[in-house]
Amino acid sequence: MATKKSTITKDKIVSMYMNYRLENNGKPKSVYQFTKLNDFEETQFYSYFGTIESVEKEIFKMFLEKTVEMIQKDPNFDTYDMKSKMLSFYFTFFEMLSANRSYVLISLKEHQNQLKNLMQLSSLRIGFKNYITEIISDEERTKTEKFQNFQEKAIQETSWIQFLLTMKFWLEDESAAFEKTDIYIEKSVKLTFELMNIAPIDSLIDFGKFIFKEKINNK
């Protein structure tokens, strides 16, 4: 009796793709090659993805979705202020990246043109901005309207830029357990919220010293 093939799911395709990249240090040449190597039909692939590139985008989107799912399991999550929710997201997300660091390094350093690498983060960007919208508290909305006239979109965009800078720092972090990234997260998030409160000087100086020290040590 022939062995019944396992059901192909979106998660399985993602797992197969990540394994392929890690084992071959490159992308499959085609959907046909990828599906044949993994013993399933092209039509099954196209049930979930239109292109190989869409799988890459889905991977980073899944990192975000799993992060949000994990942090929202905390029974106290709803009682956290916006800053605490942001820190919780950052620490959990970068733990997930660290657990998949080999894949992330391969994918985000594939092209010399950084814009091409960042194209993989387009779905992540949408999900991240949605998360920011969800956690903006009434208190923070009042602060930004009163002091800086920030609109929701401005908060989303500045948060996304901060997130990309943190990811860049993590990609270059060679410290044990990426402890320097943890410090970077704490200081940068603290600075962001103090800027909203128009009381940034101490945090700005502290964050500046940390970055300067890292640049000097890496020379």
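Me: Which residues is Gln-120 in contact with, leaving aside its neighbours within four places in sequence?
Reply: Gln-120 is in contact with Glu-56, Lys-57, Phe-60, Tyr-103, Ser-107 and Leu-108. Keep in mind that this is a predicted model.

Me: OK, and where is Gln-120 found?
Reply: Gln-120 sits in the loop between α7, which covers 114-118, and α8.

Me: Is Gln-120 buried or exposed?
Reply: Gln-120 counts as buried, because its relative accessibility is 4% and the cut-off for buried is under 20%.

Me: What lies 2.7 Å from a polar atom of the Gln-120 side chain?
Reply: That's the backbone oxygen of Ser-107.

Me: Let's zoom out. How many helices and strands does the protein have?
Reply: Twelve helices and zero strands. Reading from the N terminus, the elements run α-α-α-α-α-α-α-α-α-α-α-α.

Me: How much of the protein is buried?
Reply: Buried residues make up 40% of the 219 residues. The accessible surface comes to about 13,000 Å², and 53% of that belongs to carbon and sulfur atoms.

Me: What share of the contacts is between residues 24 or more positions apart?
Reply: If you take the contacts with a separation of 6 or more, residues 24 or more positions apart account for 67% of them.

Me: Now the inside. Which residues touch the most other members of the largest nonpolar core?
Reply: Phe-89, Phe-93, Phe-163 and Met-167 do, in a core of 51 residues. The elements giving two or more residues to this core are α1 (10-24), α2 (31-37), α4 (52-71), α5 (82-99), α6 (101-108), α8 (122-135), α10 (152-172) and α11 (179-196).

Me: Pick Met-167, then. What is Met-167 in contact with, leaving aside neighbours within four places in sequence?
Reply: Met-167 is in contact with Phe-93, Phe-94, Leu-97, Leu-108, Leu-121 and Leu-124.

Me: And Phe-89? Which residue is 21 residues away from Phe-89 in sequence but 6.9 Å away in space?
Reply: Val-68, going C-alpha to C-alpha. Val-68 is in helix α4, and it touches Phe-89 and Tyr-131 if you don't count residues up to four places away in sequence. At 13% relative accessibility, Val-68 counts as buried.

Me: How do α5 and α8 pack?
Reply: Their angle is about 150 degrees, with the axes 10 Å apart. That makes α5 roughly antiparallel to α8, since the cut-off for that label is over 145 degrees.

Me: Which residues meet there?
Reply: On the α5 side you have Met-82, Lys-85, Met-86, Phe-89 and Phe-93, and they meet Leu-124, Phe-128, Tyr-131, Ile-132 and Ile-135 in α8.

Me: What about α1 and α4, at what angle do they pack?
Reply: About 105 degrees, with their axes 10 Å apart, so α1 and α4 are roughly perpendicular to each other. From α1, the contact uses Lys-10, Asp-11, Val-14, Tyr-17, Met-18 and Arg-21. From α4, it uses Ile-52, Val-55, Glu-56, Glu-58, Ile-59, Met-62 and Phe-63.

Me: Changing topic to the loops. What is phi near for Asn-25?
Reply: Phi of Asn-25 is near 55 degrees, a positive value in a residue other than glycine. Asn-25 lies in the loop between α1 and α2 and counts as exposed, at 60% relative accessibility.

Me: Where does Phe-178 lie?
Reply: Phe-178 lies in the loop between α10 and α11. Its phi is near 55 degrees, again a positive value in a residue other than glycine.

Me: Last one: how far apart are Lys-168 and Thr-181?
Reply: They're 13 residues apart in sequence and 9.9 Å apart in space, C-alpha to C-alpha. Lys-168 lies in helix α10 and counts as partly exposed, at 43% relative accessibility.

Definitions and conventions. Residues numbered from 1 in each chain as written. Predicted model: local features only at pLDDT ≥ 70, side-chain atom pairs only at ≥ 80, totals over all residues. Heavy atoms only, no water. Core = buried A, V, L, I, M, F, W, Y, C linked by side-chain atoms within 4.5 Å. Buried < 20%, exposed > 50% of the residue type's maximum accessible area, 1.4 Å probe, protein only. Helix = DSSP H or I, 4+ residues; strand = E, 2+ residues; numbered from the N terminus. Contact = heavy atoms within 4.5 Å. Polar contact = N/O pair within 3.5 Å; in protein donor to acceptor, adjacent residues only side chain to side chain. Areas by Shrake-Rupley, 256 points an atom, 1.4 Å probe, with all protein chains shown as cover. Axes fitted to C-alpha atoms, helices over the stretch in contact; angles between N-to-C directions. Parallel < 35°, antiparallel > 145°, perpendicular 65-115°, else oblique.
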